[in-house]
Structure formats: C-alpha cells, structure tokens
Amino acid sequence: MYDYQLEYEDTQLKKVGLELMFITPEKCSSTDGITAVELAKLVDIPVEIVKKKLNILKDAEIVQVKGINPKYWKFNEYNFQRMDEGDDLFKLLCSFDDVDFDRYFKY
C-alpha cells in the first residue's frame, strides 16, 4: 500500500491524475494507455516529475502500468471508486473547484 499525505495541494499530481482520469483513446498512441512522455506533453510538466507522480498513483493502485519499455499507464476507475473518501489522494482528485473541464471534453 502507499503512504501519501498532503501537506499542501500537489497541483502537479492533480494534473497528472485528472489527465489520466479523463483521457480519451484518441489522445493515446496505444490501446494499453499513454506513455509518461505523451502525458508530460499533455500536462506541460517535465517527464521526470510526471514519472514520480505516476508512481504515487500506481502505489495507490489507481493507475495500472503495462509493458516495460515503454510503459503504458491507464487509470483504474474501479479501484478509484473503492478508495476511502477521507483519503488525501482521493480528496485531491475530487477537488474540482479550479478544474477547467473544457480541457478534457469537447461539447
């Protein structure tokens, strides 16, 4: 299990998590998910930081990784819905006050 506590709002973790949560197959080069490099370009965060954030999400079991080189990342909706509502990571990803949903959806 993971050990993650928020002392401040980790905006980079939130960007990575929300991008994975709302990603569409058109944004991925593979049906297995998205690579860290592709994700870094989408969220405009350096790849090394994105990889660290992905590992936090993986340790929390809300993203799955497939493959070795490259690794493909995919959001695990089932595990996310089963998280404790008091979990700091769950609260971070469910805090939509400052989220621009136009980024994820075309109306």
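Helix α3 comprises 13 residues and spans 18 Å from its first C-alpha to its last, close to the 18 Å expected at 1.5 Å a residue. This value, like those that follow, was computed from a predicted model. Within α3, the buried residues include Val50, Lys53, Leu54 and Leu57. Viewed down the helix axis, the buried residues of α3 fall within an arc of 105°, so they line one face of the helix. An α-helix has 3.6 residues a turn, so residues three or four places apart point the same way. Glu48 and Lys52, on the other side of α3, are exposed. The buried residues of α3 are covered by elements including α1, α2, β1 (63–66), β2 and α5.

For Leu20, when neighbours within four places in sequence are set aside, the contacts are with Ile34, Leu39, Leu54, Leu57, Val63, Trp73 and Phe75. Leu54 and Leu57, both contacts of Leu20, are among the buried residues of α3.

Aromatic pairing was also examined. A total of 2 aromatic pairs was counted. Phe75, Phe80 and Phe90 are linked into a cluster by ring pairs.

Most residues other than glycine have a negative phi, and most peptide bonds are trans. Asp44, although not a glycine, has a positive phi of about 55°. Asp44 lies in the loop between α2 and α3 and, at 69% relative accessibility, counts as exposed. A positive phi, near 65°, is likewise found at Glu61, a residue other than glycine. With a relative accessible area of 44%, Glu61 is partly exposed. The peptide bond from Asn69 to Pro70 is cis, with omega near 5°. Pro70 is situated in the loop between β1 and β2.

Note on methods: Residues are numbered from 1 along each chain as its sequence is written. This is a predicted model: local features need pLDDT of at least 70, side-chain atom pairs count only at pLDDT 80 or more; totals for chains, interfaces and linings use all residues. Side-chain values use heavy atoms; hydrogens and water are left out. Contact means heavy atoms within 4.5 Å. Helices (H or I, at least four residues) and strands (E, at least two) are DSSP runs, numbered from the N terminus. The expected span of a helix is 1.5 Å times one less than its number of residues. Buried means under 20% relative accessible area, exposed over 50%, partly exposed in between (1.4 Å probe, protein chains only). The arc is that of the directions from the helix axis to the C-beta atoms. Rings of Phe, Tyr and Trp (its six-membered ring) pair if their centres lie within 6.5 Å; planes under 30 degrees apart count as stacked, over 60 as edge-to-face and the rest as tilted.
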